[in-house]
Amino acid sequence: MHAVSGGEVAGILVAVFWAILVSFLAVALARLAQTLRATTRLVADVTEQAVPLLADASAAVRSAQTQIDRVDAIATDVQEVTSNASALSTTVASTFGGPLVKVAAFGYGVRRALGGRKDGMPAPEARRTVIVGRTVSRREKRKPRGKKD
């Protein structure tokens, strides 16, 4: 038999170490390749589902913009109608307000003047108020308390 030298033993150890190292690297690379394939499939599936969702979202945004434009137009029209109604109200108030107030005041004055006289009866006397022992007509000015005549 042949005796194994120290260099040969070292060579065998290095060869075994390299074989183990290459085996671990091969397993790691195989798992990495498997992970990359799964990731590629996942990205493809997400892309396949995301494209229609993005198209739907884009259509929804366009529809919302159309609705906002319509609401803006309606708000503009309402503002215009409001300003027209305000102008009309001011015009009616200035045109009819003064004369109507005058007619109402005249009618009130006529009713007041003729109100108490029916069938030739005289107008009732003015009401009187009693203030601590003396009678005062309401038409007279009342003197402030505490002041003596």
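Author: Happy to! Of the 149 residues, 1% are buried, meaning under 20% relative accessible area, with exposed over 50% and partly exposed in between.

This is a predicted model, where local features need pLDDT of at least 70, side-chain atom pairs count only at pLDDT 80 or more, and totals for chains, interfaces and linings use all residues. Residues are numbered from 1 along each chain as its sequence is written, and side-chain values use heavy atoms, leaving out hydrogens and water.

The protein has one helix and two strands (DSSP runs, H or I of at least four residues for helices, E of at least two for strands, numbered from the N terminus). Confidence, given as pLDDT from 0 to 100, is highest in α1, at a mean of 91, and lowest in strand β2 (residues 134-137), at 57.

Now to your pair: Phe17 lies in helix α1 (residues 6-115). Phe17 and Trp18 pair edge-to-face, 6.3 Å centre to centre with 70 degrees between the planes. Rings of Phe, Tyr and Trp (its six-membered ring) pair if their centres lie within 6.5 Å; planes under 30 degrees apart are stacked, over 60 edge-to-face, the rest tilted. Phe17 counts as exposed because its relative accessibility is 51%.

Terms used:
Buried means under 20% relative accessible area, exposed over 50%, partly exposed in between (1.4 Å probe, protein chains only). pLDDT is the predictor's confidence in each residue, from 0 to 100.
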